[in-house]
Amino acid sequence: MILENRKHAPHVRRHGIKQFINIYNQNKDRIDRCFKWGDEIEYVIVRFDHNNQKVRLSLRSKQILDVMYEREEREGANRRVLWRPEYGEFQIEATPGQPYGHQNELCDDNIWHNLFNTVEENMKSRRREIRELLDHDEAIICITNFPRLGNEDISVPYCRADPANSTTGSIFASDELTSVFHPRYLRTSYNVVQRRGRKVAINVPIFKDTKTPDPFVEIFNDKESKRAAKVDHIYLDSGVFGMGCCCLQVTLQATNIDEAMVLNDQMAQLTPIMMALSAGGPIYRGFLSDRDCRWDVISNGVDDRTREELGEKPLKNEKFRIHKSRYAPINTYLCECNAKYNDNPIVYNTEFYNEMISAGVTPSLAQHMAYVFIRDPTITYREKLDQNDSTETDHFENIQSTNWQTMRFKPPPLNQQSIGWRVEFRPMEIQMTDFENAAFSVFTILLSRIILQYNLNLVIPVSKVDQNMSTAQKRDAVNRCKFWFRKDIFSSNIAQEVNNNTNGFNGNHETEDNDEESYIEMTINEIMNGYGNEFPGLIPLIREYVGNISLDAQTYCKVQHFQESQKHAEHIRRQGIKQFINIYNRNKDRIDRCFKWGDEIEYVIVRFDHNNQKVRLSLRSKQILDVMDVREEKEGANRRVLWRPEYGSFQIEATPGQPYGYNNELNGENSMNNVFNNVENNMRERRLDIKALLHEDEALLCLTNHPRIGCEDTTVPFTKADPLNSASKSIFISDPHICDANQRFLVLERYSVERIGHKVIINIPVFKDIKTADSFIETFNDTESNRAAKVDHIYMDAAFFGRTCSCLQVTMQATDMYEAFTLYDQLAPLTPIMMALGAATPIFRGYLTDRDGRWDVIDWSNDDRTAEERGEKPLKRNKFRIHKSRYSPINTYLCESNAAYNDSPIVYNKEYYNEMISAGVPSPLAQHMAYLFIRDPPIVYNKEYYNEMISAGVPSPLAQHMAYLFIRDPCVISRDKLDQNNDMDSEFFESMQSTNWNSLRFKPPPLNQQSIGWRVEFRPMEIQMTDTQNAAFSVVTILLSRIILQYNLNLVIPISKIDENMSTAQKRDAVNRCKFWFRKDIFSQNTPQINCFKENRNRYESEDESYIEMSINEIMNGYGNEFPGLIPLIREYVNSISLDVQTYNKVQQYIQLIADRASAKVKTTAQWIRDFVRKHADYKYDSVVNEKITYDLLNTLNRIQNEGI
C-alpha cells in the first residue's frame, strides 16, 4: 500500500544510506574482468487511421507487457529481449535479454565482436517480437515524443483531460495516458504536484516562423495555467509531457569502483555533446519549438521542489535550498582528483556524509550520495517500510533511482552476483532507426574505451557542463553553437584513478598551471573530428582504437582485402592442415551405427507485378532470415526446418531441422521408414513455414536461376549496375544483389576480382535458333567486357552469376571413415549422371543457351586462379600450376584400391617430402605419393602438407586429397581469428575445406558436435520444379549409396573420364543425345575395397576395357544381359528392406520418376523450360527470353509448385 511520502521520507533516507554503506563495504574491492554493457530503448505505440489520415497513441502497453512477462517467465535466461513498462501507457521499454559481452563471461574470454556485432540485430529482433502482438494498424516507433500530445483526440481509446479529478490537474493530459502497469507512475505524478503545492509548469520557447504570431500568446480557461504560461512559449502542465518522452540509455560495467568513478567523471563532459548530436524532440503540443531536445521538459516535468527548496521563500519547513531538479546534469565529480572542478553550490546532508566517511566511503563519493539523499522519495510502500539493511536495498534504490542525472553511478545490486559497479549514460535522445540507435550505443561504449585506453582527461568545471547542457538543447546546436571542452585531453589533474598505457597518442600528461586556460569553446565538429594540430578529435582516437582491437569481419564491416590476406595465406594453410590432423586423430576410429542424412534446397524469392506482367527478384532474404533466426532460437531442437542465407539477396536455403533418421538414433532403431517417409512432407513444410512472411505478390520458387538476371529492371527494390564501385565491377549486376546476411558473400565477390587481376569471365554457348543472329555478337560500353566476350556466346562478368544458381544437395553420414571413403569414390562416377538427369538451367541473361546445366557457369565464377596458376605464364609468384577451378569435379579417389584411376599427375614440394620422411612417415603409405600417372591434366597438392598428414597416420589418398585442397589461398580471413588453438579450433581447416566446391565433398566430423560423424556431400544436382521431384532425387541418391554398400558395387572409372562426363552432362538434352563413360562390370573389383567386399569378383586384365560409353537410360535402367542397370538394383534393395506400405509406395514413385527421366518418358526440367519458351506466343525464335515470357514461365512454375500450399 502506498503511504504519504513526507511523513516517512526521513526513515527512507536514513535507512537508504545504511543500505548503501552495506553495499559499498561488500563490493568496494570487487573486480569484474569481463566487460559487459547494455542499452535501453523506449518506444511509442501508435495506431494509424489511414482512411482519415490520423495517427493516435495506442494505450495498450499493459496488454502487451502481460504477454511479454509470461514469455520471460517461461524462457528465463534464454530470453533475447526484456520488455518493461514506461511512464506512458503508450510507451514500452526494451533491453537485451543478457548484457552484451555476457558470452565472454561464460567462456572466460573478452572478444570484442561479442560486444558490437549483435546490437543492431537485437534491436531489430525487438521489433519482430512485438510486431505479432500489435494490431494491423498499430506500429512501434522510435520517436522522442508524440508531436500532438496534449491536443484533443490523440489516443485510442479516446481520453479527455479532467483537471478537476486527475492526479496532475492538467488541462491537457488525462490520467489514462499514464501507465496502469504499476501504481507508482500515477502516484509519482500525484506526489510531484502535492509536494510542489501546484501544478507542474513547463514553458518551451516557440519557434518563430514567418507567420507565427508575434507575440505568441495562448489563452486558457484555467487561472493557474494563465499565470504559469509565458509569452512566446509553449505551455505544458503535466509530468507526462516530460516523462512521456522516449530516450536511449547505455549502461556499462566497470572493472572496479575506481574505474566506475573515472568513467562517471570523464563521460559527464560528453553528455551534452551526445545529446546535441542525437537531438530528436523539436515539437510539443502540436507546435514547433525553438529547442531540439527534451531535457528541460523532463527536468521541469519532475521538479518536485517546494518554493523554499527553490529559493523563492526562506527556509522554514525545509532543510535545504536545492539548486537542481531531480532530472539534471551531474552535481559533483566522484574522483578526488577532480574535486576542484565542483564549482557549483554543493548542498548535502552532513549527517549522512559523516556516517559514510566513518564507514570508509571516499569523500567525493560520500558527498555525492549525501547530495542525492537530501531529497524525498517520490513514493513509499508500507510493506517495504521496515527492512533489514544488511540484506535489502529498496530504500537505497528508491532514492537512487528517482534522481535522474545525466550520469548515474550504480553500485552492484546485493543479490545479483553477476552485476558489478556500473555507469549509466542517460542524455541521448532516441533515434529514428535501429541502425542509428545501435550507432549511438556502440559509439558511447567506444568513447568509454578510449577514455581508459588513452587515459583521457576531459574534466571541466561542473558549471560549464551545466552551461553546455543548456546550449545542447538549442535549435541546430550542432551547427550553430559552441561548447566548453578541455583543450588538452592528455593533460591530467593529479594521478588518474585508472592508469593504462597510451597507444599512439601523447602519454606525457602534464598538469595545467591555470585551469581556466585548460578549457575553451569548440564546435561539436571540432570536438569530434578534431582541427589541425590544435585538437586531435575523439573520432580519430576511436578509429585508432578500433584498428588496434580484434574485430571479426561482420563487426568491423569489412574483411582484410586480398593484398593483406596473402600475407596470412601460408599461415592459414599450414595451421589448417594441423587442425585436420587433430580432427583425424580424434575421429579415425569413430563408428556411427545410425544412418542419418539430409538435403539442402536453395530457393529463389520473386515478386510478381501482375498488372504489368513482369516478375522480379525480391531482395528480402535477410528480412525473412531475421524472423527465422528468432524462431529457431526460440524452438531449438524442435525446429522442423532450418533457414540459412545464400549468396543472393533473393535466395534462401532450407534444410530439415534434424537429419532424416535422427529419430532412429533416439530410439535405438534403424528403420528406413524414418529415412524416406518424411522427406517430401518436410519440403512442403518449408513452403508453409515461409508463406506468412512473403508479401501477397511474392512467391518462393524452386528455380536454378532467374532467366533474365543481369538484364535491366529485374529486382525489387530496383538496382542498377555500378561497375566503378561494386565489388564485382560488373556491367550487369550491383552489390545489393548479393546477400548481406553474411559479410563473406560480398568479400568473396571482391576477392575473385582482386586475386585474378580482372573481372570474372564467363562465356556460355548461345542456343542457335532459327532466327538467332549468325554470328551472335554483343557489344558493350566496357572495353574489358568487349575483349572478354566470345562470339556465339552469352557473356557474364561476375561470380554472382554462378554462385546464385540454386541447387539440391544431399549429405549422408557413414558408419566410419572407411565407409565414407567408399561412398565418396563410388558416388563420384554418378555425379555427372545425376546432374544430367536433373538438368534445369537452359537460360542465362535473357537468352536460351546451348547448355542445360549450370556447372560450368559456377566453375568459371569461382575460378580465382592467376595466369601463372592456369599455365598462361611461367610460375614466378605462385608455387603451383593448378589445373582446375575451386568448383570442379573431384580430383582423386580416397580408397587405396582406386589409386590406379587417379590418372592425373601430382606435383610435389620435395623439400617438404624429405622433411616429413625424416619425421617418420610410414613407408607403405609414403610410397603411395610416388604413384604418378600422367594422362589428363595433372592435379596439384602440397607435398609438405601431404607428408605431415602421412606422418600423423592419415591414409595416403585422404592425405593427398587434403593436400590438394590446401594448395589454394583462403578466400576470407578475419584478423581476430589468425591465432588459433589447433587442438580446439578448426576454422582454418573449414576456411579451406568449405571454399573448395567439388562435385563431392568429404566431410570430417566437426570438433565440437559429437552427434555428427564422417560424411559425404553429394553436390552436382540441379534444383527441380516440384517438392516431389526434389524428394525423388534426394531419396534416389540415398538409395544409390545403399546399393553401393549392400552389393559392394564398383563404379570407379578414371578421374579423367568423370571430368569428360561432367562436360557432357551439361550439353543440351544430354540424357537423350549423349553417352557417358561408365563401368561395364560393376561387380568387378580393383583390390579389396574394404573388408566387406566378396572374394569372387572378377578382375579385368586391362582396366581400359572395364569402362565403356553408355546412354543414361542404359546406365539407369540397364540393357539386356549386358548391364543390370542401377534402377533394377535399387528396386531389389527396396524390396529387401522393411518399409511400411505408405513409405514403400512413395519410394517406388520416386524410383519410377528417375527411371522415366532416364528413358526420356519424362522431360528434364531444362527440356520443359526450353519447350515452354519456344512454344510461347512472344518467342521470336531468336534465342531471346523477354519479360513477358519470363513472367508467364515463372507464373506457371509458381502455380505448379505452390498451389495448395
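How many Å should the 16 residues of helix 45 (residues 1187-1202) span, and how far apart are its end C-alpha atoms? At 1.5 Å a residue the helix should span 22 Å, and its end C-alpha atoms are 22 Å apart, which agrees. The expected span is 1.5 Å times one less than the number of residues in the helix.

The model is predicted: local features need pLDDT of at least 70, side-chain atom pairs count only at pLDDT 80 or more, and totals for chains, interfaces and linings use all residues. Residues are numbered from 1 along each chain as its sequence is written, and side-chain values use heavy atoms, with hydrogens and water left out.

View 1. Helices (H or I, at least four residues) and strands (E, at least two) are DSSP runs, numbered from the N terminus. Buried means under 20% relative accessible area, exposed over 50%, and partly exposed in between (1.4 Å probe, protein chains only). Among the buried residues are Tyr1191, Leu1194 and Asn1198. The buried residues of helix 45 pack against several elements, including strand 18, strand 19 and helix 44 (1165-1175), where contact means heavy atoms within 4.5 Å. Just after helix 45, glycine 1204 has a positive phi of about 90°.

**View 2. Strand 19 and its partners.** Of the 5 residues of strand 19 (residues 614-618), 4 are buried, so the strand is largely enclosed by the rest of the structure. Strand 18 (residues 597-609) pairs with strand 19 in the antiparallel sense over 4 bridges; two strands pair if DSSP finds at least two bridges between them. Valine 615 in strand 19 has phenylalanine 608 opposite. With strand 23 (residues 715-716), strand 19 pairs in the parallel sense over 2 bridges. Valine 716 in strand 23 is the bridge partner of serine 618.

**View 3. The salt bridge of aspartate 39 and arginine 126.** A salt bridge is a side-chain nitrogen of Lys or Arg within 4 Å of a carboxyl oxygen of Asp or Glu. The closest N and O atoms of aspartate 39 and arginine 126 are 2.8 Å apart. Aspartate 39 lies in strand 2 (residues 37-49) and arginine 126 in helix 5 (residues 119-131), so the pair ties together parts that are 87 residues apart in sequence. Aspartate 39 is buried at 2% relative accessibility, and arginine 126 is buried at 0%.
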